[in-house]
Amino acid sequence: MRTSLNSCKRIVVKVGTSTLMYPNGNINLRTIEKLARVLSELRNEGKEVVLVSSGAIGVGLRKLQLAKRPASIPEQQAIAAVGQSELMHIYSKFFGEYGYTVGQVLLTRDVTDYPTSRKNVINTFNTLIRQGTVPIVNENDTVAVEEIEHITKYGDNDRLSAIVAKLINAELLIMLSDIDGFYHENPLLNPTAEMFDEIHEINDDVLKLAGGSGSDFGTGGMLTKLAAAEYCMQNGQQMVLANGDHPEVIYQIIAGEKIGTLFTTDKQGGFLNDPIR
Ligand code: ADP
């Protein structure tokens with residue numbers, strides 16, 4: 001059991017494009033609906049949740065019926081602008097069915113560099129949470145080209161989600177991807193690769209096991225997820241990397257069950273036979 005996860009009250013959940021979209025480019029409404037239901041249920045239980053969602057470009061491509069992502073940054077920004085509002089519409093509809101209102105928060109990663117903007121952002125989050133809404137965060141693609149430029153290389157709502165977790169003092173970041181956890185090797189390349197139960201330090205030995213993205217829609221692969229984990233651990237926060245195919249795993253994660261890979265500096269006496277500690 002991961003007992004320290006039981007008591008988490010404030011939780012950031014990050015969901016990647018590969019969880020929100022089918023490989024054929026269509027939107028995975030079933031997963032989005034389940035995600036909305038689980039997060040609404042957590043709110044009902046008294047937890048405070050913030051969702052960091054990728055997917056604006058994927059949804060925008062679908063909405064505009066484009067087969068593939070154009071190369072130019074302005075075109076991608078325009079697609080993200082279309083996709084972001086469509087994505088919020090979908091979230092608003094599903095959360096609405098469970099009685100929750102969503103609030104869109106678009107951020108750039110340098111928000112932490114400017115004390116006034118930082119304070120404004122924290123105040124907005126706290127107010128949204130206090131009033132019972134569910135903040136849904138994405139990088140502001142119109143302003144921040146970095147996210148878009150990096151999207152096929154090492155895209156980055158992963159890091160943004162860790163920044164949000166720190167800003168709002170969340171105890172836990174749940175990173176949902178298309179893979180069950182962090183493995184000794186990319187399972188796409190080596191199907192016999194084994195999954196880590198817990199990681200307690202992001203060192204060179206760990207970093208060299210991280211490969212790139214596994215799908216057309218994927219973004220950073222494991223490197224940005226490890227960067228996010230390291231940031232969380234530096235701030236005394238915990239991160240669980242798990243598969244988003246079945247968002248119900250969030251209940252099990254919070255119940256302390258051994259789902260996915262837990263990144264924590266707090267050695268909890270878990271199953272520790274991995275070579276990397
Ligand atoms: P997302 O869109 O959810 O952010 P990504 O495609 O960016 O997902 O990253 C997840 C992918 O990273 C997995 O599908 C897997 O193919 C790849 N990957 C590379 N190295 C590893 C590893 N060591 N353990 C697990 N997955 C890995």
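How do helix 3 and helix 4 lie to each other, roughly parallel or roughly perpendicular? They are roughly perpendicular, a label used for angles of 65 to 115 degrees, while under 35 counts as roughly parallel, over 145 as roughly antiparallel and the rest as oblique. This is a predicted model, where local features need pLDDT of at least 70, side-chain atom pairs count only at pLDDT 80 or more, and totals for chains, interfaces and linings use all residues. Residues are numbered from 1 along each chain as its sequence is written, and side-chain values use heavy atoms, with hydrogens and water left out.

**The overall picture**

- The protein has 10 helices and eight strands; these are DSSP runs numbered from the N terminus, with helices being H or I of at least four residues and strands E of at least two.
- Of its 277 residues, 56% count as buried, meaning under 20% relative accessible area, with exposed being over 50% and partly exposed in between (1.4 Å probe, protein chains only).
- Take the contacts (heavy atoms within 4.5 Å) between residues at least 6 apart in sequence: 75% of them join residues at least 24 apart.

**Helix 3 and helix 4**

- The axes of helix 3 (residues 56–63) and helix 4 (residues 73–97) come within 7 Å and cross at roughly 90 degrees. Axes here are lines fitted to C-alpha atoms, for helices over the stretch in contact, with angles from 0 to 180 degrees between N-to-C directions.
- On the helix 3 side, the residues that meet helix 4 include Ala56, Ile57 and Leu61; among their partners in helix 4 are Ile79, Val82 and Leu87.

- Helix 9 covers residues 222–234. Its 13 residues should span 18 Å at 1.5 Å a residue, and the end C-alpha atoms agree, being 18 Å apart; the expected span is 1.5 Å times one less than the number of residues.
- Buried residues of helix 9 include Met222, Leu226, Ala229 and Met233.
- The buried residues of this helix pack against helix 7, strand 5, strand 6, helix 8, strand 7 and strand 8.
- Just after helix 9, Gly236 takes a positive phi of about 70 degrees.

**Helix 7 alongside helix 9**

- Nine of the 11 residues of helix 7 are buried, so it is largely enclosed by the rest of the structure.
- The axes of helix 7 and helix 9 come within 8 Å and cross at roughly 15 degrees, so the two helices are roughly parallel to each other.
- Just after helix 7 comes Asn169, with a positive phi of about 55 degrees.

**Annotated positions in helix 9**

- An unreviewed UniProt entry lists a "binding site" whose residues include Lys14, Ser177, Asp178, Leu223 and Lys225. UniProt positions follow the numbering used here, feature names are shortened, and annotations may be inferred rather than shown by experiment.
- Leu223 is in helix 9 and is partly exposed, with a relative accessible area of 45%. Leaving out residues up to four places away in sequence, Leu223 touches Leu207, Ala210 and Gly211.
- Lys225, also found in helix 9, counts as buried at 6% relative accessibility. With residues up to four places away in sequence left out, Lys225 touches Asp158, Met175, Ser177, Met239 and Leu241.
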